[in-house]
Amino acid sequence: MFGKVTYVTNGVLSNGDPFSAEADFTMGSNFIQLTVTNLIVNPKDITQNIDGISFALPETFASNVASVSSFTGTDRTAIKLNTAGGWTDSSDTTNNWALTNTGSIFNLTATNNLGTKFSIVGGPSTSNNEYTQANDTIKGINFHDDFLAVTATWTFNVPGVTAVDETALSNVNFSFGTTSSVQILGWDPPNDTPEPFSLALVGSGLIFLALRYKLRH
């Protein structure tokens with residue numbers, strides 16, 4: 001038996017750039033599978049990249065009990081402006097994000113990498129398969145290459161986790177950008193709502209979030 005839950009958020013960062021992201025959790029006996037997707041299309045700036053996610057489970061665990069057992073993603077480098085298919089992709093099974101936990105709080109982050117490499121970049125324009133507005137933080141060979149392209153999946157070994165733990169998953173937070181100064185975006189939805197719903201939240205008085213939450217078995 002597996003438990004599954006999906007979180008989706010979108011809004012506007014303090015610099016005016018939009019963000020949109022999805023996290024899909026699947027839980028079973030002693031494991032969590034997490035897929036993180038950057039839903040932004042044709043991004044402008046690296047501040048729109050996902051570089052971290054955190055969440056809370058109902059139990060209290062020993063510190064750093066969790067470990068990454070597998071990773072799948074696609075590296076994307078050398079993005080060219082106004083060029084259909086203008087980038088280089090390669091499959092990646094080497095995890096470059098750090099997983100830690102303190103008690104019930106779990107953190108998965110790319111920010112331990114030099115220059116915050118391997119943040120998740122959104123896809124190109126759907127109309128012409130081009131990045132048409134990327135600035136120097138995304139296009140070309142830059143300090144932040146490699147990126148992860150659009151989506152990435154991790155499987156965590158977490159002794160004691162069960163399928164039903166997803167019903168009490170809470171405090172899900174994404175982080176965007178490349179520095180600790182970028183605001184953390186998060187929410188704590190009620191767990192007794194089995195159908196999609198939406199909330200408006202304020203992050204440090206600057207960011208409004210719209211949330212859709214799904215619980216399915």
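A: Let's take strand β4, residues 50–61, where 9 of the 12 residues are buried (under 20% relative accessible area with a 1.4 Å probe and protein chains only; over 50% is exposed, and in between is partly exposed). Strands here are DSSP runs of E with at least two residues, numbered from the N terminus. This is a predicted model, in which local features need pLDDT of at least 70, side-chain atom pairs count only at pLDDT 80 or more, and totals for chains, interfaces and linings use all residues. Residues are numbered from 1 along each chain as its sequence is written, and side-chain values use heavy atoms, leaving out hydrogens and water.

β4 has two antiparallel partners to look at: β10, over 5 bridges, and β7 (residues 98–109), over 6 bridges. Strands pair when DSSP finds at least two bridges between them. Ile50 bridges to Phe176 in β10, while Ala56 bridges to Ile105 in β7.

Now for the rings: the structure holds 9 aromatic pairs (Phe, Tyr or six-membered Trp rings with centres within 6.5 Å; planes under 30 degrees apart are stacked, over 60 edge-to-face, the rest tilted). Phe61 and Phe106 are edge-to-face, because their planes meet at 75 degrees, with ring centres 5.5 Å apart. This pair links β4 to β7 across 45 residues of chain. Phe61 is buried at 10% relative accessible area, and Phe106 is buried at 0%.

Val161 sits in the loop between β9 and β10 and is buried, with a relative accessible area of 1%.

How values were computed
Helices (H or I, at least four residues) and strands (E, at least two) are DSSP runs, numbered from the N terminus.
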